[in-house]
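The sequence and the model are shown first.

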Amino acid sequence: MAEQPKSKAELAIENLMHQLEPGTPRFEVLESAKRFKSSWVELGERLIAVNANKLYREWGYITFEEYCSKEVRIKKPTALKLTRAYRFLEKEEPDLLTKREELRPLPDYRSVDLLCKAQEEGLAEEPYQDLRKAVLEEERSHPTILKRYRDVSPPPPADELEKAALKRALSATRQLEAALGELPELPERLQPTLPALRVFLEEAQARAAA
């Protein structure tokens, strides 16, 4: 079977690794990032250490998020889920961490993060244990876990739903406004519509956040 071509992120990580001394903390984080799909636990553990000791500052980054984005090539939400999932296993499932080399595949970090959220939200014992079993013992896929989580988790407050809807609507309006701005001509009767809608949504979002 032909080897899969490497992504830009993988190539960027490898190029940087060639400039670093093997065995150093910075090198080891990047090495873990290369094995991210099969060894997210290792990457989560190393990222926690980087953040706790502010090592990213020594490496020329102002924030942990900037370091994750530009060097490790993962987005802020991914870094948050990775570190939160690792902390959860460290606290709630230490035996699983000690046996991680025996677990292939490892539970999906996104599913572990959902299990952590379920605990933080105070999910009842029986549905929590069912979710835990699906994540840690039954090797269910992340889409399956996500559906189960949504089925048993309490609905978000109405004001949170409104904020989320406003955010989506405002984002869509801005994107459409930008796209239409690239057109050579727009009928005059339609020109005021989107800016007025955008302003309305921005004001509504500000009121909801107050």
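## Overall architecture

The model is predicted. The protein contains 12 helices and zero strands, and its elements follow the order α-α-α-α-α-α-α-α-α-α-α-α along the sequence.

Of the 210 residues in the protein, 33% are buried. The accessible surface comes to about 14000 Å², and carbon and sulfur atoms account for 52% of that area. Among contacts with a separation of 6 or more, 57% join residues 24 or more positions apart.

## Helix α1 and its packing on α2

The buried residues of α1 (8-17) are I13, E14, L16 and M17. These residues lie on the same side of α1, because they cover an arc of only 160° around the axis. The buried residues of α1 pack against α2 and α5.

Two packed helices are described by the angle between their axes and the distance between the axes. For α1 and α2, the angle is about 155° and the axes are 10 Å apart. The helices are therefore roughly antiparallel, as angles over 145 degrees count as such. Their crossing is left-handed. On the α1 side, the contact involves I13, E14, L16 and M17, which meet R26, F27, L30, E31, A33 and K34 in α2.

## Helix α5 and its buried face

Which residues of helix α5 are buried? In this helix, which spans residues 64-72, they are F64, Y67, C68, E71 and V72. Seen down the axis of α5, these buried residues fall within an arc of 105°, so they line one face of the helix. The partners of the buried residues are α1, α2, α3 (40-52), α4 (55-58) and α6 (76-92). Just after α5, R73 adopts a positive phi of about 65°.

One of these partners, α3, crosses α5 at roughly 135°, and the two axes come within 11 Å. This angle makes α3 oblique to α5. The contact is made by L43, L47, V50 and N51 of α3 together with F64, Y67, C68 and V72 of α5. The crossing of α3 and α5 is right-handed.

## C68 within α5

C68 is located in helix α5. With a relative accessibility of 1%, C68 counts as buried, because the cut-off for a buried residue is under 20%.

Not counting residues up to four places away in sequence, C68 touches L47, R73, I74 and A79. C68 and T78 are 10 residues apart in sequence, and their C-alpha atoms are 9.2 Å apart in space.

Helix α2 covers residues 25-34. Leaving aside neighbours within four places in sequence, S32 is in contact with E42, L43 and R46.

E42 is placed in helix α3. Its relative accessibility is 16%, so E42 also counts as buried. Not counting residues up to four places away in sequence, E42 touches S32 and R35.

## A172 in helix α11

A172 is found in helix α11, which comprises residues 158-181. The relative accessible area of A172 is 44%, which means that A172 is partly exposed; the limits for this class are 20% and 50%.

How far apart are the C-alpha atoms of A172 and R198? They are separated by 9.6 Å, while the two residues lie 26 residues apart along the chain.

Terms used: Residues are numbered from 1 along each chain as its sequence is written. This is a predicted model: local features need pLDDT of at least 70, side-chain atom pairs count only at pLDDT 80 or more; totals for chains, interfaces and linings use all residues. Side-chain values use heavy atoms; hydrogens and water are left out. Helices (H or I, at least four residues) and strands (E, at least two) are DSSP runs, numbered from the N terminus. Contact means heavy atoms within 4.5 Å. Buried means under 20% relative accessible area, exposed over 50%, partly exposed in between (1.4 Å probe, protein chains only). Accessible areas come from the Shrake-Rupley method with a 1.4 Å probe; for residues, only the protein chains shown count as cover. The arc is that of the directions from the helix axis to the C-beta atoms. Axes are lines fitted to C-alpha atoms, for helices over the stretch in contact, and angles run from 0 to 180 degrees between N-to-C directions. Angles under 35 degrees count as roughly parallel, over 145 as roughly antiparallel, 65 to 115 as roughly perpendicular and the rest as oblique. A crossing is left-handed if the near helix is turned anticlockwise from the far one by less than a right angle, and right-handed if clockwise.
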